[in-house]
Amino acid sequence: MNKIKLFGLAVVAAAAAMFSSCSDYLEVKLDEQLTLDEVFSKRTSTLQYLKHVYSYMPYEEQWQMENNPSGNRDADGAAIAMSDESHFSWTMWVPHLNFVTGDYGPTTNNWNNWPLMYTGIEQAGIFMENVDRCPELSAEEKVVAKAEARFIRAYCYFQLVRRFGPCYVWGDKRSDQTIRPESIDRDPVDKAFDFIITEIDKVIPDVPLVVDNGVQFDGRLTRGAAMAAKARILLYAASPLFNGCDLYKGFTNSRNEFLFPQTPDPDRWTKAAQAAKDVIDLNMYQLYEDKTESDPFMKAIKSYQGVQFVPWNSEIIWGYWPRCCPYSASAGLYPAYMHKTRYCPPNIVRQGCAGYCPSLKLVDTYPMAESGRYPVTGYDANGDPIVDPQSGYVATGFTNDWEHPIEGPQFGGVKAHNSIIGRDARFYASVFPNGCYWVNAFTAQGGKVIVTFHMGGTSPYTNLTADNTKVGFLWRRFLDTGNDYQNDQWGTFFWFYFRLAEVYLNYAEACNEMPQRNEAEALKYVNLIRERAGLNKLEEAYPEVIGNQALLRELLRKERMVELAFEGHRYYDCRRWMIAEKEWNYQPKTLNVAASTYEASWERTNQVWNRSMVFQPKHYFMPINQNQLNEMVNITQNYGW
């Protein structure tokens with residue numbers, strides 16, 4: 001077998017990538033007897049190779065990073081665990097904590113996808129170079145398949161850019177053609193953006209608007225997906241981190257080329273806005289709306305939940321079944337188990353381990369249903385919330401016999417902390433609070449049970465290292481309550497790369513920032529999202545937002561944090577906006593789950609969780625790993641490393 005070594009990776013140049021089952025398709029099976037001639041002589045093996053190329057798309061549903069010296073190819077979703085929107089419960093054996101506390105560097109192998117992405121780039125190139133040789137594919141099928149590989153290659157570059165910043169762009173070259181590690185240095189970041197967008201522009205006319213035979217080919221690239229990717233990437237290129245920020249002024253490579261733009265280009269926002277509007281103008285996608293509920297508030301809750309519960313609904317632009325072969329109809333059973341055990345509380349559900357928790361900052365951000373205002377405007381020197389008095393939020397005290405909008409009508413009232421009362425529909429769809437009935441009666445107790453997280457509670461905190469919530473809240477958004485989790489009926493798990501709500505928010509942000517600012521369009525599209533959540537218009541909640549670009553920017557960021565919570569955006573958003581230094585240098589508080597009474601467990605404390613988030617300017621990008629530095633001896637390391 002002919003293998004070419006580059007960037008610390010072995011690139012397979014003369015074998016097809018085969019998959020033995022849906023559960024292990026990331027394990028590339030190489031047949032030593034197959035040559036490229038043989039692979040591309042048959043339809044089946046050619047499409048198997050294309051499946052392999054698809055496997056280099058990020059696995060965003062993999063939230064939990066494991067100790068893995070190979071670089072955690074399946075843990076892209078760890079961006080959630082590493083951001084301020086979440087507060088996962090584990091204190092040991094979870095490498096994401098090193099990134100939260102800033103305790104990582106060039107020798108940290110976890111979450112280093114540099115070699116993996118260049119493998120994907122090379123594999124896509126091999127496919128593009130050879131697919132025309134397949135006699136069993138029609139001319140049209142070859143055009144589409146080549147476009148799909150071209151898109152994956154471009155998206156691999158985007159994954160490098162958003163994690164590392166400038167990278168080496170080898171374009172249409174193959175790794176065995178004039179590329180030598182000792183001569184490599186990183187190219188200006190705009191070269192990568194230009195290449196990515198140029199490649200996607202080539203792809204858009206060649207891929208179909210819809211995929212025929214969806215049962216067999218769900219998950220293959222469509223025109224809308226390519227256009228949504230373009231809109232997201234142009235938004236990144238327009239954002240402060242990549243668009244003339246002071247931090248990277250004067251930062252050059254070994255060829256004395258500036259690696260970042262030296263001055264901002266406001267017109268980039270215009271391009272980002274147009275790209276998002278192009279997706280909207282396809283008129284192929286709509287915000288998902290539940291058709292079964294007559295109660296407006298429950299309709300809002302079920303509409304938001306349905307985005308995840310109803311695979312390939314009207315809002316999904318591109319998605320996939322995790323841990324299954326690309327464009328396969330088989331549901332993701334393993335990720336359903338891995339996720340949902342971590343949403344379920346111990347003692348209540350047999351395999352519950354209560355690890356996936358929202359941060360109190362995210363809990364604080366959800367708007368109030370009646371006023372439509374975000375209740376917390378910031379935090380004081382002690383880390384306690386500063387409450388907006390116009391929001392209607394009550395930060396202290398309890399209400400007896402309060403009924404949760406979802407479980408309450410069936411289960412009854414609870415003694416609820418006032419802070420969870422009167423929130424917007426997405427709060428109840430997403431967050432499970434201390435002191436509420438568990439989401440169904442499939443419990444270890446064999447019926448309805450109130451979950452309390454304090455010492456001595458029904459799902460008690462015992463110590464810092466045990467499986468229990470350290471926050472006092474659990475994440476429930478992706479938990480389908482119709483499943484009997486007590487008896488290992490975990491259901492399925494569907495993930496989406498792009499959905500229309502993100503495109504609306506991308507468009508609104510760009511409209512607010514572009515030189516010919518379009519406030520009306522920004523408000524129109526953020527209000528469509530708020531309307532689905534049962535909220536009033538943003539300008540009704542905040543009349544002072546009219547004509548106030550800075551306030552609209554702040555409110556759009558809050559809306560984005562809530563609407564896209566736990567979808568992997570917050571980690572990168574705080575970086576591209578360059579607000580991570582402000583937002584991420586603090587010790588997160590939790591509820592006092594170490595208290596012995598339910599009432600006391602609602603007090604906020606920094607005594608349960610004793611680790612602080614640390615963010616320095618160098619953390620805006622990951623360091624180039626030492627393994628790559630050893631091979632590419634002339635490559636420029638990132639700022640601060």
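Tutor: A disulfide is a pair of cysteine sulfur atoms within 2.5 Å. This model is predicted, so local features need pLDDT of at least 70 and side-chain atom pairs 80 or more, while totals for chains, interfaces and linings use all residues. Residues are numbered from 1 along each chain as written, and side-chain values use heavy atoms, without hydrogens or water.

Start with the count. The structure holds zero disulfides. Take C156. The cysteine sulfur closest to its own belongs to C167, 11 Å away, and that is too far for a bond. Now turn to C167. C156 has a relative accessibility of 0%. C167 also comes out at 0%.

Look at helix α10, residues 267–280. Helices (H or I, at least four residues) and strands (E, at least two) are DSSP runs, numbered from the N terminus. The expected span is 1.5 Å times one less than the number of residues. For the 14 residues of α10 that gives 20 Å, and the end C-alpha atoms are 20 Å apart, so the two agree. Nine names make up its buried list: R268, W269, A272, A273, A275, A276, K277, V279 and I280. These buried residues pack against the helices α7 (189–203), α9 (223–238), α16 (500–513) and α17 (519–532), and against the strand β5 (316–320).

Next, the rings. Phe, Tyr and Trp (its six-membered ring) pair if their centres lie within 6.5 Å; planes under 30 degrees apart are stacked, over 60 edge-to-face, the rest tilted. The whole structure has 66 aromatic pairs. W321 and F494 make one of them, edge-to-face, with 5.3 Å between centres and 75° between planes. This pair joins distant parts of the chain, 173 residues apart. W321 sits in the loop between β5 and α12 (333–343), and F494 in the loop between β13 (473–475) and β14 (495–499). W321 and F494 are both buried. F432 and W438 are edge-to-face too, because their planes stand at 80°, with ring centres 5.1 Å apart. F432 and W438 are likewise buried.

Two single residues come next. S419 lies in the loop between β9 (414–417) and α15 (425–430). S419 is buried, at 8% relative accessible area. Setting aside neighbours within four places in sequence, S419 is in contact (heavy atoms within 4.5 Å) with Y393, V394 and W602. Q628 belongs to helix α22, residues 626–631. Q628 is buried as well, with a relative accessible area of 2%.

Last, confidence. pLDDT is the predictor's confidence in each residue, from 0 to 100. The chain averages 90, and 90% of the residues score at least 70. Residues 1–32 stay under 50, yet the model gives them 96 contacts beyond four places in sequence. Residues 324–332 are also below 50, with 37 contacts beyond near neighbours in sequence. Where pLDDT is low, the predicted coordinates should not be read in detail.

Notes. Buried < 20%, exposed > 50% of the residue type's maximum accessible area, 1.4 Å probe, protein only.
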